[in-house]
Amino acid sequence: MRAATFALRSELIGLAGVVERNFYLTKRYIWWDVAWFFWTVANTLTITFIAKGIEATGGQIDVNRATTSLLVGAVIWAYLGVVFEFLTETVAWERWEGTIEYTFMAPLSRAMHLGGSGVFAIIYALIRAAMIFFVVAAFFDLAMPDANFVVALLVLVVASVSFFGIGMMMAVLPLISPEKGAQLGYVAQGLMLVVSGVYYPVHVLPGWMEAISVVSPATYTLEGMRGAILDGQGYADVWPQIWPLLIMGVVCIPLGLWVFHRGEIYAKKHGKLKRSG
Amino acid sequence: MTSAPAPPGVETVPAVEVVGLRKDFWRKNKDKKRFRRRGRRKNSAIRDVTFTMARGETIAILGQNGSGKSTLVRLLSTLLLHDGGEARIFGYDVFTQGRAVRRLVNRVSVEASFFKKMSAAENLSYAARFYGMGPRETNRQIPVILDRVGFPIARRHESMENLSRGMQQKVALARALLTSPVLLLLDEPTTGLDPRSKLEVQEFIREIRTSHDSTILLCTHDLAEAESLADRVGILDRGRLLALEPADDLKRRYGAETLEQAFFSATGRSFEEETDEEEDEEREVFA
């Protein structure tokens with residue numbers, strides 16, 4: 001029992017170490033992050049202006065509602081981008097700095113190692129997503145009288161478990177391909193969102209794409225968050241989105257760890273677990 | 001600073017036991033000749049290497065670039081999977097009991113790899129967390145260990161990118177010792193250092209030998225370093241361990257006056273001799 005407690009304590013210290021390291025690095029590169037934040041806001045504006053553009057060219061839409069709906073999609077895109085980026089950088093960054101060998105020969109379980117990256121990524125991405133949302137909402141002076149932000153946050157937090165699992169699967173890519181692996185993370189992000197109704201309802205998709213959307217956690221995240229922000233849906237109303245997300249989370253975490261484990265074995269067999277740059 | 005508590009049975013088993021260890025890498029054929037079939041060829045980085053190290057012993061492995069020194073260190077560090085043979089560290093199988101092995105081993109490599117924007121103290125804290133050391137313990141230990149490796153404590157909060165190569169290597173030594181390893185793998189720790197830093201690092205290795213219960217495997221290009229620091233000196237050539245004996249025995253065996261001559265007699269090549277193009281290419285993989 002004491003040995004188990006000691007082992008758990010060591011593991012949690014390791015997890016906290018990764019969070020702490022990411023905090024230090026974020027602090028050191030903060031001005032780059034500020035610049036990146038402005039870029040994301042600008043990118044979000046290019047999307048959210050579409051609603052006004054449609055009205056200006058004769059379309060009949062509720063501009064406030066359409067803008068908010070697009071904003072939710074753009075914020076989820078940005079959120080996923082940060083979560084996946086931090087997770088793929090778990091390997092890519094260490095490889096670049098050359099610390100990868102020291103990290104992978106340390107006696108910390110991979111679950112805690114990746115868990116540390118995931119915890120920091122989710123906290124950081126949540127703060128950043130909230131800032132983008134409110135900055136752009138203020139820019140358009142969006143009215144959200146019924147919005148239930150607590151439920152929207154709950155949906156995003158529950159969804160983050162699945163995103164974390166998928167992120168672990170992507171984190172393996174730089175292990176397999178040191179040169180191009182990290183970039184493939186963006187491909188996976190785009191593919192997931194295109195079938196999940198990021199800026200449109202999924203029923204406008206071709207049948208085969210709509211079928212894929214059923215197994216994408218982003219589909220339920222977008223539906224749940226739009227329901228909570230646009231229509232003020234409560235906990236009971238978003239339950240049809242929450243339970244699939246819970247199931248996906250339970251599947252994605254062990255699957256992500258298994259995929260990463262297989263990737264690590266491949267890297268150790270082929271001598272790819274070493275520095276570059 | 002003391003070494004970690006000895007694992008069960010550690011007193012009775014060799015620190016390192018390597019039997020018939022083999023590691024192959026497969027590479028694409030870069031034959032540029034048209035019409036010639038492109039395929040893959042096998043490069044054996046480590047070929048049937050066998051040796052044993054007693055607890056507290058220091059051995060030095062000499063070898064040219066591409067001889068397999070780093071591959072050997074990476075195999076023992078659990079960073080590579082083998083293709084044959086066995087390796088045990090204090091009785092634990094390196095390839096099936098990696099977690100237990102990782103608790104006992106740490107290393108210093110030729111590149112003092114750190115997060116360059118982070119300070120020495122932050123980098124050391126990060127490394128220590130992976131070994132279960134909490135903030136209170138690391139805050140107490142870091143100044144002590146940095147002082148012992150001759151790093152000016154006042155500079156511990158400066159970012160690594162502002163430190164000289166010699167200073168960075170001292171922090172690398174501190175990182176390895178902070179976790180109190182019972183097996184220390186030193187992969188060319190003094191390569192590229194200026195003479196003064198080199199002497200300081202060598203002096204510190206000597207101190208670890210005498211004051212700690214650490215077993216040290218040192219891979220080096222430096223013949224004098226090998227002779228002065230190690231109990232036994234090994235010659236690794238193209239993945240094969242040709243000899244592993246006390247330096248004097250090695251010289252006697254090859255009828256040589258110096259280690260350099262012994263190396264030449266053992267391998268048929270000068271220690272300083274440059275490798276040809278093909279071996280250079282292989283170095284990317286084996287290094």
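A crossing of two helices is right-handed if the near helix is turned clockwise from the far one by less than a right angle. In this predicted model, the crossing of helix 2 and helix 5 of chain A is right-handed in that sense. The crossing of helix 5 of chain A with helix 11 of chain A is right-handed as well. The model scores ipTM 0.85 and pTM 0.87.

**Helix 2 and helix 5 of chain A**

- Helix 2 of chain A spans residues 30-56, and its axis comes within 10 Å of the axis of helix 5 of chain A, with a crossing angle of roughly 50°.
- Angles of 65 to 115 degrees count as roughly perpendicular and those under 35 as roughly parallel, so helix 2 of chain A is oblique to helix 5 of chain A.
- Helix 2 of chain A contributes A:Phe37, A:Thr40, A:Val41, A:Thr44, A:Leu45 and A:Thr48 to the contact, while helix 5 of chain A contributes A:Arg128, A:Ile132, A:Val135, A:Val136, A:Phe139 and A:Phe140.
- By class, the residues of this contact are eight nonpolar, three polar and one charged.

**Helix 5 and helix 11 of chain A**

- Helix 5 of chain A, residues 110-140, and helix 11 of chain A have axes that come within 11 Å and cross at roughly 115°.
- The two helices are therefore roughly perpendicular to each other.
- On helix 5 of chain A the contact involves A:Arg110, A:Ala111 and A:Leu114, which meet A:Leu257, A:Phe260, A:His261 and A:Glu264 of helix 11 of chain A.
- Four nonpolar, one polar and two charged residues make up this contact.

**Interface between chain A and chain B**

- The interface brings 28 residues of chain A into contact with 27 residues of chain B.
- On the chain A side, the elements giving two or more residues are helix 1 (2-28), helix 4 (100-104) and helix 11 (235-270) of chain A.
- Helix 1 of chain A provides the largest share of that side, with eleven residues.
- Sorted by class, the chain A side holds twelve nonpolar, seven polar and nine charged residues.

**Four-stranded sheet of chain B**

- Four strands of chain B form an open sheet in the order 2-1-4-5, with antiparallel pairing.
- Strand 2 (40-53) and strand 5 (92-93) of chain B are the edge strands, each pairing on one side only.
- Ten bridges link strand 1 (residues 16-28) of chain B to strand 2 of chain B in the antiparallel sense.
- Along this pairing, B:Val18 has B:Phe51 of strand 2 of chain B as its bridge partner, and B:Phe25 stands opposite B:Asn43 of strand 2 of chain B.
- Strand 1 of chain B also runs antiparallel to strand 4 of chain B, to which five bridges join it.
- In that pairing, B:Val19 has B:Glu86 of strand 4 of chain B as its bridge partner.
- Helix 1 (residues 69-76) of chain B lies across strand 1, strand 2 and strand 4 (84-89) of chain B, and runs at about 70° to strand 2 of chain B.

**Six-stranded sheet of chain B**

- Another open sheet of chain B has six strands in the order 6-7-8-3-9-10, with mixed pairing.
- Its edge strands, each pairing on one side only, are strand 6 (105-108) and strand 10 (240-245) of chain B.
- The twist from one strand to the next averages 20°.
- Strand 3 (residues 58-62) and strand 9 (residues 232-237) of chain B pair in the parallel sense over four bridges, with B:Gly234 of strand 9 of chain B as the bridge partner of B:Ile61.
- Helix 5 (residues 165-178) of chain B packs on this sheet and touches strand 6 and strand 7 (183-187) of chain B, its direction making about 175° with that of strand 6 of chain B.
- Helix 9 (residues 259-267) of chain B also packs on the sheet, touching strand 3, strand 9 and strand 10 of chain B, and its direction makes about 40° with that of strand 9 of chain B.

**Confidence in chain B**

- Chain B has a mean pLDDT of 85, with 86% of its residues at 70 or more.
- Among the elements of chain B, strand 5 has the highest mean pLDDT (97) and helix 10 (residues 277-286) the lowest (38).
- Residues 1-5 of chain B have pLDDT below 50, and this stretch has twelve contacts in the model beyond near neighbours in sequence.
- Residues 276-287 of chain B also stay under 50, with 17 contacts beyond four places in sequence.

Notes
Residues numbered from 1 in each chain as written. Chains lettered and ligands numbered in written order. Predicted model: local features only at pLDDT ≥ 70, side-chain atom pairs only at ≥ 80, totals over all residues. Contact = placed C-beta atoms within 7 Å. Nonpolar A, V, L, I, M, F, W, Y, C, P; charged D, E, K, R; others polar. Pairing = 2+ DSSP bridges. Axes fitted to C-alpha atoms, helices over the stretch in contact; angles between N-to-C directions. Parallel < 35°, antiparallel > 145°, perpendicular 65-115°, else oblique. pLDDT = per-residue confidence, 0-100.
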